Each structure stands twice: as structure tokens, then as C-alpha cells.
Amino acid sequence: QNNDKAAMEKIGAAYEQMDKNQTNYRNLFLTKNNNSFVSPYILYNNRYNYELNELEDFVNNFDVKEENLYSQLLSEYIAKLQRVDVGQPYLDFTQGTPEGDMLSLSELVGKSKLLLVDFWASWCGPCRAENPNVVSVYKDYHEKGFDVLGVSLDMEKANWMKAINSDGLIWHNVSDLKYWSNEAAKDYAISSIPSNVLIDENGIIIAKNLRGEDLRNKVEEILNK
């Protein structure tokens, strides 16, 4: 409230160190207690903090004698991540547009060289901060074959539409207005936003979670070949 930036930076640094310590402690526990039935429980409840390869490494190292609920849930979650990993064909879905029509991802795949499926929401600060970057890349490369499908995790249609207009999201937009229960987000194992999936003209996922200059560089690299 006092806009004390020095204090905020100090607290932020302390938080980051605590988070790092917690992660290190958790990883050490999972490694040293790979035969404990507690380990799958801990890993599953912290699954969003890990990349696919990290989850696979921990699970492969587990030596739990009896399969339990959390071992099964981990296996299911990893299988879902593997299904939408880089190199896999896209998963189709259909959701409503702001105009009230239904639009399927398959209607757009193959009509451009690159299609970015962008998961976001009007209430998500980091998403709104990233939107100008996506708009810039879209304007610079749309004519060369870059397109975007925005998938919103909004609940209120009015807020969704207002954000589309405010941020100038002039591409296709869809949502089922189910918040974190968005069906497309669940299919693509989206655990945080902004998140995105880059699909080539053959319908293959070629990159994930490209933001800032990483998005521009990847699009430029492919379209300028």
C-alpha cells in the first residue's frame, strides 16, 4: 500500500529462497524415500511444479511395493502430459465464440503454417501482460502464415469480451466459460496460465509455452525458412 519497492523486493527475494528450499527438500525426500507409499502422494500433490521429464524420472525411481491411489493418479496425469507433448498430434476440441457460434480447433489447423492455441483469461494479470506481445507477433506474421486461437478460462462472458476488445485480440476466440474446468484446458493438462501450444500445418505440436521473445523467435525461425 505504501509502494515500498525496497521492502517488496526484500520480501520477494525471501519468498523465492523459501520456495527454493522447499523444492530442494521435497526433491531430496522423494529421492531418498523412493520406496515409501507417501512419496507418490507428495509428488502428485505438487505435480504442477514439475516438467514431464522430471515427473517421469521420479516415478521411474519409485519402488513402492503396492500400487496405491496416488501412483495411479500420477500415471494418468503423466499419460495426459505425454499425449500433448511436443511431437504429438493435436487434440481437437469445440467451444463457443463470443458471437455464440461453435468453433473447432480442427477448422483452423492446416489453414496456416503455424497456429498458436493460447490459454488465457481476463482475470489473469500475467496473461493480460503477455497479450500485447502475442498481438505484435500476430500483426507481424499473420500474412506469412501465423494464426492464433485464444481459449479463455473465464466465467463471465462480459468480462471475456471486454478483455478481447481492450487487448485487441483480433483472432479467433473461444471459451466454455467453465473457469479451471475448461474442457480444452483439461485435455491439454493446463495447470497455469498463460500457457500455449504451437501447432504446425500438419497438426503436430512443435512447441509449448512460448512467451516474450521466445514466441517471436520461434515464429520467425519457422516462417522465414
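Predicted model: local features only at pLDDT ≥ 70, side-chain atom pairs only at ≥ 80, totals over all residues.
Student: How many nonpolar residues does the contact of H3 with H4 have?

Tutor: H3 passes H4 in a left-handed crossing. By class, their contact has one charged residue and one polar residue, and the nonpolar count is seven.

Student: Where are the buried residues of H3, on the same side or on opposite sides?

Tutor: Start with the names: Leu52, Leu55 and Phe58 are the buried residues of H3, which spans residues 52–61. Around the axis they cover an arc of only 130°, so they sit on the same side of H3.

Student: Which helices do those buried residues of H3 pack against?

Tutor: First, look at the face of H3 turned away from the buried side, where you'll find the exposed residues Asp57 and Asn60. The buried residues of H3, for their part, pack against H1 (5–32), H2 (38–45) and H4 (69–83).

Student: Now over to Asn196: is it buried or exposed?

Tutor: Asn196 lies in strand S6, residues 195–200. Its relative accessibility is 4%, and buried means under 20%. Therefore Asn196 counts as buried.

Student: Which residue's backbone oxygen does the Asn196 side chain reach?

Tutor: Beyond four places away in sequence, Asn196 touches several residues, including Leu116, Asp118 and Arg211. Its side chain reaches a backbone oxygen at 2.8 Å, and that oxygen belongs to Leu210.

Note on methods: Residues numbered from 1 in each chain as written. Heavy atoms only, no water. Buried < 20%, exposed > 50% of the residue type's maximum accessible area, 1.4 Å probe, protein only. Helix = DSSP H or I, 4+ residues; strand = E, 2+ residues; numbered from the N terminus. Arc of directions from axis to C-beta. Contact = heavy atoms within 4.5 Å. Polar contact = N/O pair within 3.5 Å; in protein donor to acceptor, adjacent residues only side chain to side chain. Left-handed = near helix turned anticlockwise from the far one by under 90°. Nonpolar A, V, L, I, M, F, W, Y, C, P; charged D, E, K, R; others polar.
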